[in-house]
Amino acid sequence: VVFKFFFSPQTERNRDIVRRSGLLLWQLLMAPRDQICSEIQKEVCLAISSGLNILYPGEAEINNLLKLVLTEGENRNSGLSQLRDVILTNLAEQLQNNRFGSEDDDHYRLNDELLHYILKIVVRESCVLITKCQTVSKDDFQRLLSTVPAASSCLRYLMAVQNHLLSNTILIKPDDNDDSDSSLQGETLKVQELKTSILSLATQILTGCDEVLEMLQQVTTALINSDISDREQRLKGLEQITKATMLGHLLPVLLTSLMHPNLQTLTMADALMPQLVQLVLYTSQTALLLKTQSPVFSELNSSPSCAPEQKGKQLPDERMLEEKEEPGFLTGLKIPAPWAAGKTVETVHPVRDNYKFKETVHIPGARCLYLRFDNRCSSQYDYDKLVIYAGPSTNSRKVAEYGGNTLGYGSRSVLGTGWPKDLVKVEGDTVTFSFEMRSGREHNTPDKAMWGFACTVRAQESSEDVSGGLPFLVDLALGLSVLACSMLRILYNGPEITKDEETCQELLRSKLLQRCQWQVEANGVISPALTPSPSPLPLTIEEDREFTYPSDVLVPPVGHYFDLPRIRLPPGIMIKLREISGRARPQFRPSIK
């Protein structure tokens with residue numbers, strides 16, 4: 001409290017107090033474990049963290065302290081590691097509440113060297129956590145499962161830095177009220193600074209994930225080949241523990257954010273593509289290793305007594321499988337479809353007087369929609385009704401209307417045949433629900449007679465199983481594959497077309513210019529080659545036919561000069577060329593003798 005609110009190190013006396021206080025705190029922090037209790041050590045860490053800017057007023061001093069606790073925290077003293085955790089947790093919380101570009105931003109975001117140390121700790125922690133799946137005892141493994149996916153302080157700080165950079169890059173918007181050049185230039189510089197920081201951080205995170213995935217693959221292979229009694233439980237728990245590492249806390253958010261248009265740039269694709277390819281290989285291979293232990297594949301294995309017979313029977317099938325398609329990590333898995341779960345539309349329960357409800361459901365690509373109503377649907381009178389329209393508004397085609405109840409209250413009847421028990425089919429990909437409570441509630445009408453309605457909209461008739469989703473590593477492999485394909489498309493398309501290229505489209509399409517042989521001069525300027533190629537080229541090039549040069553004549557030999565082939569241009573173009581050049585067509589007059 002004194003450090004935070006009341007202390008001002010302006011006088012010499014106060015500076016001396018700060019120096020002696022810092023020395024005392026450091027002695028308590030570095031005291032052997034048998035000489036100081038953990039509660040006092042924790043209070044010392046909190047005091048140093050609260051008075052960090054007073055005890056270490058310069059940026060260099062704070063960086064030196066952080067470098068010490070990051071490099072020596074695990075080796076020398078538990079107090080240093082505890083101080084590291086307290087400081088990083090505090091910085092992470094401050095960074096989460098801080099917007100990019102504020103005065104405190106540089107204070108909460110550590111420099112690249114310290115980030116590198118933190119990332120090394122996170123990679124080591126992730127590898128140790130995965131290795132424990134193989135090395136610890138059965139009871140310790142169960143205790144380990146109960147502690148995940150808790151994130152360490154170093155991992156929490158990296159998550160805060162990543163979320164801070166990515167959210168500001170994706171959500172940053174220019175000030176609409178300020179159209180000045182200085183404002184636009186400032187916004188551009190801010191975005192460029194963010195992208196540079198993200199590229200640096202993403203490169204380090206992907207490199208660290210590569211190391212963790214390599215360890216995961218080794219542990220998975222070792223567990224599969226081991227003969228420990230709880231091997232199946234450890235393989236199942238391995239995926240849960242993997243989510244507690246940087247693979248679960250950092251990588252999914254990074255992959256999703258890199259798909260945003262603001263980050264789909266040629267620079268990003270060029271820098272990250274090699275690492276993405278390596279990660280796709282590691283995740284797909286490890287996912288396939290874990291997949292081979294699932295029931296879909298284990299059915300191929302037989303019991304020892306009938307192994308020879310079944311083995312002989314399965315050989316043709318295995319050969320067919322190898323001939324048709326190599327089994328991958330998606331074999332036997334059902335990829336969840338977002339539309340399979342459907343969308344639930346419902347009123348409040350029970351409905352109140354003068355209640356109105358309107359909602360439109362749109363499922364892109366659906367040929368028709370299937371509506372399933374809750375069996376509790378009811379309203380007080382039959383004119384308190386729901387109307388369904390096949391379209392985006394109440395002006396669309398009316399499909400059906402339902403209202404009333406069969407519970408003996410209100411009108412004691414229902415509209416038409418009553419609330420549907422079976423599926424209601426609506427053609428098209430859009431349906432609109434409009435419900436209105438027109439009557440006032442009577443004193444003897446219970447809630448169940450005014451329950452309202454609830455309806456689930458699906459794009460398919462059968463409600464398939466949508467539970468569970470994909471295994472984590474399979475999901476990760478698919479996400480990496482999608483991002484790699486997206487980056488590959490950016491690399492294939494190359495740089496965006498410039499304004500100069502758009503202006504010169506007609507010139508670039510001209511066969512007259514395409515016929516020229518271009519060379520790069522010493523200063524980087526591209527100009528037509530002065531030395532034409534020898535005569536593999538035709539003597540005449542038709543303007544209306546596409547012409548391509550042979551690859552062996554793109555570089556002309558030195559010392560040989562040949563006439564360029566003549567291009568036969570249409571008469572209309574020749575007339576325009578003469579008008580522009582001011583040269584008339586030569587006239588041949590008969591000589592007079």
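## A look around the predicted model

Of the 593 residues in the protein, 38% are buried, where buried means under 20% relative accessible area, exposed means over 50%, and partly exposed is what lies in between, with a 1.4 Å probe and protein chains only. This is a predicted model, in which local features need pLDDT of at least 70 and side-chain atom pairs count only at pLDDT 80 or more, while totals for chains, interfaces and linings use all residues. Residues are numbered from 1 along each chain as its sequence is written, and side-chain values use heavy atoms, with hydrogens and water left out.

In secondary structure, we have 22 helices and 12 strands; these are DSSP runs numbered from the N terminus, with helices being H or I of at least four residues and strands E of at least two. The accessible surface of the protein is about 36200 Å², and 52% of that belongs to carbon and sulfur atoms; the areas come from the Shrake-Rupley method with a 1.4 Å probe, and for residues only the protein chains shown count as cover. Take the contacts between residues at least 6 apart in sequence, and 76% of them join residues at least 24 apart. Contact here means heavy atoms within 4.5 Å.

**The sheet**

Now for an open sheet of 4 strands, which has the order E1-E8-E3-E6 and antiparallel pairing. The edges belong to strand E1 (343-346) and strand E6 (424-427), and each has a single partner strand, so one side of each is left without a neighbour in the sheet. On average, neighbouring strands of this sheet are turned by 25° against each other, direction ignored; the axes behind that are lines fitted to C-alpha atoms (for helices over the stretch in contact), and angles run from 0 to 180 degrees between N-to-C directions. Strands of a sheet pair through backbone hydrogen bonds, either parallel or antiparallel. As for the cut-off, two strands pair if DSSP finds at least two bridges between them.

Strand E3 (residues 368-373) is joined to E6 by 4 bridges, and the two run antiparallel. E3 is joined to E8 by 4 bridges as well, again antiparallel. Tyr370 turns up on both sides: its bridge partner in E6 is Lys425, and in E8 it is Arg458. Leu371 has Val424 as its bridge partner in E6. E3 is mostly covered, with 5 of its 6 residues buried.

**Aromatic rings**

A pair of aromatic rings is described by the distance of the centres and the angle of the planes. Rings of Phe, Tyr and Trp (its six-membered ring) pair if their centres lie within 6.5 Å; planes under 30 degrees apart count as stacked, over 60 as edge-to-face and the rest as tilted. By this rule the count comes to 8 aromatic pairs, and here are two of them:

| Pair | Centre to centre | Angle between planes | Type |
|---|---|---|---|
| Phe373 and Tyr402 | 5.5 Å | 65° | edge-to-face |
| Phe433 and Phe453 | 6.0 Å | 25° | stacked |

Pro350 lies in the loop between E1 and strand E2 (356-362). The peptide bond from His349 to Pro350 is cis, with omega near -5°. Asn354 lies in the loop between E1 and E2, and its phi is near 60°, a positive value in a residue other than glycine. With a relative accessible area of 64%, Asn354 is exposed.

Finally, Lys236 is found in helix H12 (residues 231-243). Lys236 is exposed, with a relative accessible area of 64%. Lys236 and Leu290 are 54 residues apart in sequence, and 8.6 Å separate them in space, C-alpha to C-alpha.
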